[in-house]
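Keep the viewer open as you read.

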Amino acid sequence: MNTELTTLALNQRTLFCLRFTPDSFAAQDLLWLPHHPMLARAVMSRKAEHLAGRIAAVHALRHAGGPATPPGIGAYREPLWPAGFTGSITHAGNLALAAVKPIGERFSSLGIDYQPLLTANDAQKLADGVLSGDERARIQAASVPFHLALSQIFSAKESLFKALFPAVQNWFGFECAQAVALTSDTVTLELTCPLGPFPMGSRFTLGWLPFGDGIVTLADL
């Protein structure tokens, strides 16, 4: 599969970005992954994006001082990272990104998300599933266009939920967090219910930046 690797910095983390050509993917490319039998029934596009994400993850692991071992697949389809490391993977279209860091004794996690910028029409269609009443009023009063603010919040919630998943070990919906502040480079989310060791009202500030035709967000816990 044809790929091109670049990096970008967000909140002092290095994110590894892999652009790939899905049409150049061949079935034998997947044999590089030890867990390739788990993807036997996946469609070709899913196989290509999964492979791209794992390639980016291996580069991120090496950068963090970890082994060059592609993360496996957990019971909830989450990446299984080598002992002593945590990370996150995201992909959309022909782009995959990954970030990794070592972990110590306390809970430590990363969550990243790449969100293609929503159109004004798509933002209106998705808003009810992403926002609470308070959030809608808050971003309508903001100085940025509604579709940009919704893209930021959508991506930030995805990133935060990825970062919290290792502690919660279950999926949860967008209603479990609300945006309480938006700035030119951060989104602050507040939990509306307890999640794992994090009580209701816990706040997390995530970094974001524009990238390509969308935005990238990072939760670094």
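A residue is called buried under 20% relative accessible area, exposed over 50%, and partly exposed in between, using a 1.4 Å probe and protein chains only. Please keep in mind that this is a predicted model, in which local features need pLDDT of at least 70, side-chain atom pairs count only at pLDDT 80 or more, and totals for chains, interfaces and linings use all residues. Residues are numbered from 1 along each chain as its sequence is written, and side-chain values use heavy atoms, with hydrogens and water left out.

With a relative accessibility of 41%, Asn170 counts as partly exposed. You will find Asn170 in the loop between helix 4 and strand 8; helices (H or I, at least four residues) and strands (E, at least two) are DSSP runs, numbered from the N terminus. Setting aside neighbours within four places in sequence, Asn170 is in contact (heavy atoms within 4.5 Å) with Tyr76 and Phe165.

For a contrast, turn to Thr86 in strand 5, which covers residues 85-92. Thr86 has a relative accessible area of 7%, so it is buried. A nonpolar core is a set of buried Ala, Val, Leu, Ile, Met, Phe, Trp, Tyr and Cys residues joined through side-chain atoms within 4.5 Å. In the largest such core, which has 32 residues, Leu131, Leu150, Leu160, Leu164, Leu189, Leu191 and Phe204 touch the most other members. At least two residues of this core come from each of helix 2 (120-130), helix 4 (146-168), strand 8 (177-182), strand 9 (186-191), strand 10 (203-211) and strand 11 (214-220). Helix 4 gives the most, with 10 residues. Another core lies apart from this one, with 23 residues, among them Leu18, Ala56, Leu61 and Trp81.

How do helix 2 and helix 4 pack? Their axes are 9 Å apart, at an angle of about 45 degrees; axes are lines fitted to C-alpha atoms, for helices over the stretch in contact, and angles run from 0 to 180 degrees between N-to-C directions. Helix 2 and helix 4 are therefore oblique to each other, since angles under 35 degrees count as roughly parallel, over 145 as roughly antiparallel, 65 to 115 as roughly perpendicular and the rest as oblique. Where they meet, helix 2 brings Ala120, Ala123, Gln124, Leu126, Ala127 and Val130, while helix 4 brings Phe146, His147, Leu150, Ile153, Phe154 and Lys157.
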